[in-house]
Amino acid sequence: DVQSFMSEEEEFSNLTEEQYDVCIHVAEHLTFVQIYHGAFFPDGDINFEKDRIFRDNIQQMAKTIRVTDAGLQIDEVYRKGAPWEVAQNELLKMRAYKTPRDKLRAIRRCCSTIIN
């Protein structure tokens with residue numbers, strides 16, 4: 001624990017309470033940053049690259065695929081509301097989400113936008 005370590009070290013013995021609190025905060029922050037990157041980005045920049053490729057693919061498909069494309073098999077009744085751009089925007093935000101749970105929620109919001 002950070003506080004135990006700091007209380008045992010002579011370098012921290014002459015700090016004011018405010019300085020001590022700042023040191024604790026900084027040490028905890030640095031620890032959480034290391035844990036965060038290790039937990040959410042175990043493969044390093046590969047995760048960022050996958051998200052970028054996904055976003056680029058969505059942007060490219062948005063330029064070429066239309067709601068009227070026969071391959072999508074979207075009934076004409078559902079074409080009128082045209083929630084497609086909003087749904088695509090939800091997927092374009094995917095890079096901002098880090099956890100699998102958050103990414104699944106974004107996909108769910110995309111689907112909900114289309115269905116509702």
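**Entry 1. A pair in α6.** I began with R105 and D102, which both sit in helix α6, three residues apart, about one turn of the helix. This is a predicted model, and I read each value below as computed from it. The side chains of R105 and D102 meet in a salt bridge, at 3.7 Å from N to O. R105 is partly exposed, at 42% relative accessibility. D102 is also partly exposed, at 26%.

**Entry 2. Salt bridges elsewhere.** How many salt bridges does the structure hold? I found seven. One of them joins E49 to R52, with the closest N and O atoms 2.4 Å apart. Both residues lie in helix α3, which covers residues 46-64. They are three residues apart, about one turn of the helix. E49 is partly exposed, with a relative accessible area of 37%. R52 is partly exposed as well, at 28%.

I also noted a salt bridge between the side chains of D56 and R55, at 3.1 Å from N to O. D56 counts as partly exposed at 27% relative accessibility. Which residues are linked in a network of salt bridges? I wrote down E49, R52, R55 and D56.

**Entry 3. Distances across the chain.** I stayed with E49 and checked its spacing to R95. The two are 46 residues apart along the chain, and their C-alpha atoms are separated by 9.4 Å. For a second pair I took D45 and T99. These are 54 residues apart in sequence and 15 Å apart in space, C-alpha to C-alpha. D45 is placed in the loop between α2 and α3. Is D45 buried or exposed? I have D45 down as exposed, because its relative accessible area is 59% and the cut-off for exposed is over 50%.

**Entry 4. The core.** Next I looked up the largest nonpolar core. Which residues make it up? I listed six: I58, A87, L91, M94, A106 and C110. The elements that give two or more residues to this core are α5 (84-92) and α6 (100-115).

I then took M94 from that list and looked up its contacts. Leaving out residues up to four places away in sequence, M94 touches D51, F54, K103, A106 and I107. A106, one of these, is itself a residue of the core.

**Entry 5. A buried glutamate.** E90 is found in helix α5. Is E90 buried or exposed? I have E90 down as buried, because its relative accessibility is 11% and the cut-off for buried is under 20%. What does E90 contact, leaving aside neighbours within four places in sequence? I noted Y97, A106, R109 and C110. A106 and C110 are both among the core residues listed in the entry above.

**Entry 6. Cysteines.** I searched the whole structure for disulfides and got zero. I wanted the reason for C110 and C111, so I looked up their sulfur atoms. The cysteine sulfur closest to that of C110 is in C111, 5.2 Å away, which is too far for a bond. A disulfide would need the two sulfur atoms within 2.5 Å.

C110 is buried, with a relative accessible area of 7%, whereas C111 is partly exposed at 39%.

Entry 7. Which residues make a nonpolar surface patch of about 250 Å²? I recorded V22, V26 and L30. V22 is placed in helix α2, residues 17-40. V22 counts as partly exposed, at 46% relative accessibility.

Technical notes
Residues are numbered from 1 along each chain as its sequence is written. This is a predicted model: local features need pLDDT of at least 70, side-chain atom pairs count only at pLDDT 80 or more; totals for chains, interfaces and linings use all residues. Side-chain values use heavy atoms; hydrogens and water are left out. A nonpolar core is a set of buried Ala, Val, Leu, Ile, Met, Phe, Trp, Tyr and Cys residues joined through side-chain atoms within 4.5 Å. Buried means under 20% relative accessible area, exposed over 50%, partly exposed in between (1.4 Å probe, protein chains only). Helices (H or I, at least four residues) and strands (E, at least two) are DSSP runs, numbered from the N terminus. Contact means heavy atoms within 4.5 Å. Patches are made of residues with over 30% relative accessible area and no salt bridge: like charges are joined within 9 Å, nonpolar side chains (Val, Leu, Ile, Met, Phe, Trp, Tyr) within 5 Å. Accessible areas come from the Shrake-Rupley method with a 1.4 Å probe; for residues, only the protein chains shown count as cover. A salt bridge is a side-chain nitrogen of Lys or Arg within 4 Å of a carboxyl oxygen of Asp or Glu.
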